[in-house]
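Dear colleague,

Please find the structure below, handed over to you with a written account of what came out of going through it. I would be grateful if you read the two side by side.

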Amino acid sequence: MPREGAAADVPWAGDLARDDAPTCAPDDSVGEVDEGVRASGYDFCIVVNDERIVLGLLRGDALSKDATALAEDVMELGPKTTPPSEPLEKLLQSSSSQGVKHFLVTTSHGFLLGVLDRAEAERAVEESREKSTE
Amino acid sequence: MHEMIDLEEVQRLVEEEDAQLVDVMSRKSYEESHLPEAINISLKELDAQSAARLDGDRPVIVYCFDYQ
């Protein structure tokens, strides 16, 4: 929804979160998940429960070592998440975000809203700066 | 009675039932950013007296940061 206020034009993480990143259930096999990841263009899969609450993340070796393993057995538990109301500039400048290519945007309850791409976020911040100086 | 609603239902209630939006974040946060036409009653201020500003005949949508 649109926003009003003194900082209404400041872009937030939730503004650019995309919902096209692959997700899987904890009891999906890594082999199935890996196929979906390859087709998606992403290099990770977000493990969510039936209510789309983020449980973990599958990436790197976890996607290639054992195709018969279950996602819940090899996933990284409790990945870092970002609230949708986080201003992009603040997010990109935070020390904990350095080197992060994708941010998982969730509500405070862990409900997955989407994935924010760092390059898109950087472009949006740049555009916002240019607008504010016009 | 209260219930959790999603964004689509918020939009429907605002457009079709003239729902009132209440931002319960701090005054500072509200001044920085809020939904169009929302009023601010922060959680600290929320009581029967502050809620008396609301029209009891229209739906009331209370929100904070999350927008699920």
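Chain A holds five helices and seven strands, where helices (H or I, at least four residues) and strands (E, at least two) are DSSP runs numbered from the N terminus. Read from the N terminus on, the order of elements in chain A is α-β-α-β-β-α-β-β-α-β-β-α. The C-alpha atoms of chain A fill a box of roughly 55 × 25 × 25 Å along the principal axes.

Some conventions come before the rest. This is a predicted model, in which local features need pLDDT of at least 70 and side-chain atom pairs count only at pLDDT 80 or more, whereas totals for chains, interfaces and linings use all residues. Residues are numbered from 1 along each chain as its sequence is written, while chains are lettered from A and ligands numbered from 1 in the order in which they are written.

As to confidence, the average pLDDT of chain A (the predictor's confidence in each residue, from 0 to 100) is 92, and 100% of the residues score at least 70. Within chain A, helix α5 (residues 118–133) has the lowest confidence, with a mean of 89, and β2(A) has the highest, at 97.

The sheet

In chain A, four strands make up an open sheet of mixed pairing, in the order β1-β2-β3-β4; two strands are taken to pair if DSSP finds at least two bridges between them. Its edge strands are β1 (23–24) and β4 of chain A, each of which pairs on one side only. Going through the sheet in that order, β1(A) and β2(A) run parallel and are joined by two bridges, with Cys24(A) having Val47(A) as its bridge partner in β2(A). Strand β2 (residues 44–48) of chain A then pairs with strand β3 (residues 54–59) of chain A in the antiparallel sense, over five bridges, and here Val48(A) has Val54(A) as its bridge partner in β3(A). These two strands, β2(A) and β3(A), form a hairpin with five residues between them, and Arg52(A) in the turn has a positive phi of about 65°. Finally, β3(A) runs antiparallel to strand β4 (residues 76–77) of chain A, the two being joined by two bridges, and Gly56(A) stands opposite Leu77(A) in β4(A).

Helix α2 (residues 30–40) of chain A lies across β1, β2 and β3 of chain A and runs at about 125° to β2(A); axes are lines fitted to C-alpha atoms, for helices over the stretch in contact, and angles run from 0 to 180 degrees between N-to-C directions.

The cores

Of the 134 residues of chain A, 28% count as buried, which is to say that 20 or more other C-beta atoms lie within 10 Å of the residue's own, with exposed standing for 12 or fewer, partly exposed for anything in between, and C-beta atoms placed from the backbone. A nonpolar core is a set of buried Ala, Val, Leu, Ile, Met, Phe, Trp, Tyr and Cys residues joined through C-beta atoms within 7 Å. The largest such core has 30 residues, and those with the most contacts inside it include Ala13(A), Cys45(A), Leu58(A) and Val105(A). At least two residues of this core come from each of α2, β2, β3, α4 (88–93), β6 (102–106) and β7 (112–117) of chain A, and β2(A) gives the largest share, five residues. A second, separate core of six residues includes Leu21(B), Leu35(B), Ala38(B) and Ile41(B).

The contact between the chains

Two residues are in contact if their C-beta atoms, placed from the backbone, lie within 7 Å. On that basis, the contact takes 15 residues from chain A and eleven residues from chain B.

Chain B

Helix α1 (residues 7–17) of chain B is hardly covered, the count of buried residues among its eleven residues being zero. Which residue follows α1(B) with a positive phi? That residue is Asp18(B), with phi near 55°, and it is found in the loop between α1 and β1 (20–23) of chain B. Asp18(B) is exposed, with 11 other C-beta atoms within 10 Å. Glu37(B), although not a glycine, has a positive phi of about 70°; Glu37(B) is found in the loop between α2 (27–32) and β2 (39–40) of chain B, and counts as exposed with 10 C-beta neighbours inside 10 Å.

With kind regards
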